[in-house]
Amino acid sequence: METTTYDYEYSSDSFTAAEPCEVERVNYLGAQLSTLYYFMFLFSLFSNGLVLIIIHRFEKLNTVTNILLLNLVLSSLIFMSSLPFIGVYTQVSNWVFGKVMCKIVGTVYYLGFYSSVLFLTLLTFDRHLAVVYSLGVSRLRSRRYAVASCAVVWLVSGLACIRPMILHTSFKYLDNTTYCQEYPGDIPSINVEQLRTAGFYLQLILFLIFPLVVIIYCYARITITVMSSKIVTKFKTVRLIFVIVLMFFMCWTPFNIVMLMEDEATTCEGKERMAYAREVTRVMAYTYFCISPLFYTFVGKKFQNYFRQMLVKRFPGLEKHVSVRQHSKTNLSTKSTRN
């Protein structure tokens, strides 16, 4: 959430800037791009809300996949709720919402990000169990298993937010400007450097390398199973989750790499290049949370049909132009037990 770049000289109770790098052009680019944050937020409310309505009206919460999808949508909404505040902060280059909101927004930002990564990984692992071990794990993939897994994800994500909860705060610096980011100085009774290092490796290993390894392994096994068995219905089942996960890492991996490499830049020119890359890849990352619900409605066949049913019910005149396949409650219930 940083908007400026400075070289700091630390002391026990204060900090001073040592020849701050020029970031006017980077801040201008960030301010221009942040206009998109408001549209992303509004679109996310609509699209994620649509997915929640479809799950509630047609699917209910009687399948493991739907419970995981519901939690993924909730984590996306949590993350997107921070964007209006970040948009205002980036545009005015001054935090105007107070210290408490600074900590809340920072914590919500990371909670939404961390939980989304883990829920996507969990969704992929669950699809791996359902396809590769379809008969052997039918008892394991119960509603209790899904609820317990979601509880673990929220717990781990919450614990991972301890660092931003401690370090993320508002403070004043040059020209009486108020910043909302990780405090660059020392904090009494806290080893800030050790906390930052732990946070770096936590994000690198738990929220980037581990999910990538698990997802690559699971989809390799899924692909081998589907191709060897030639089960078309199973291929359609995993296609939705595969597209969602693929898009997530296409959008989020560049941003994570830039954030992890940012501290390696030592010259002002290098820092400026990394700052530009951060602003661009950040928009790519945020865009994912807007477009991901579209995959639920336009890639998944069931969601497409449910969406058309809602349109026809709301606008009866479309019935002649929209093809809708009706599902009986029995069929839905039978089908859901297989997912």
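S93 sits in the loop that links helix 4 (83-92) to helix 5 (98-132). Helices here are DSSP runs of H or I with at least four residues, strands are E runs of at least two, and both are numbered from the N terminus. The structure is a predicted model, in which local features need pLDDT of at least 70, side-chain atom pairs count only at pLDDT 80 or more, and totals for chains, interfaces and linings use all residues. Residues are numbered from 1 along each chain as its sequence is written, and side-chain values use heavy atoms, with hydrogens and water left out.

S93 is not a glycine, yet its phi is positive, at about 55°. Most residues other than glycine have a negative phi. S93 counts as partly exposed, at 36% relative accessibility. Buried means under 20% relative accessible area, exposed means over 50%, and partly exposed lies in between (1.4 Å probe, protein chains only). T90 belongs to helix 4. T90 is buried, with a relative accessible area of 9%. A polar atom of the T90 side chain lies 2.7 Å from the backbone oxygen of I86.

Helix 1 covers residues 24-33, and its buried residues are V26, N27, G30 and A31. Viewed down the axis of helix 1, these buried residues fall within an arc of 135°, so they line one face. The arc is taken from the directions between the helix axis and the C-beta atoms. E24, R25 and Y28 are exposed on the other side of helix 1.

Helix 11 contains 14 residues (301-314). At 1.5 Å a residue, helix 11 should span 20 Å, and its end C-alpha atoms are 20 Å apart, which agrees. The expected span is 1.5 Å times one less than the number of residues. Buried positions in helix 11 include K302, F303, Q304 and N305. Y306, Q309, M310 and V312 of helix 11 are also buried.

A search of the whole structure finds one disulfide (a pair of cysteine sulfur atoms within 2.5 Å). The disulfide joins C102 to C180, with an S to S distance of 2.1 Å. C102 lies in helix 5 and C180 in strand 4 (residues 177-182), so the link ties together parts that are 78 residues apart in sequence. The link of C102 and C180 is right-handed, with 105° about the S-S bond. Both C102 and C180 are buried. C150 is buried at a relative accessible area of 4%. C161 is buried at 1%.

V156 lies in helix 6 (residues 143-160). At 29% relative accessibility, V156 is partly exposed. V156 touches L118 and L206, leaving out residues up to four places away in sequence. Such a contact means heavy atoms within 4.5 Å. V156 and L118 are 38 residues apart along the chain, and their C-alpha atoms are separated by 9.0 Å.

The largest nonpolar core has 67 residues. A nonpolar core is a set of buried Ala, Val, Leu, Ile, Met, Phe, Trp, Tyr and Cys residues joined through side-chain atoms within 4.5 Å. M40, F79, F248, W252, Y286 and Y288 touch the most other members. Helix 5 gives the most to this core, with 15 residues. Beyond its neighbours within four places in sequence, F248 is in contact with S116, V117, L120, T253, Y288 and F289. In soluble globular proteins, nonpolar side chains tend to be buried together.

How values were computed. Polar contact = N/O pair within 3.5 Å; in protein donor to acceptor, adjacent residues only side chain to side chain.
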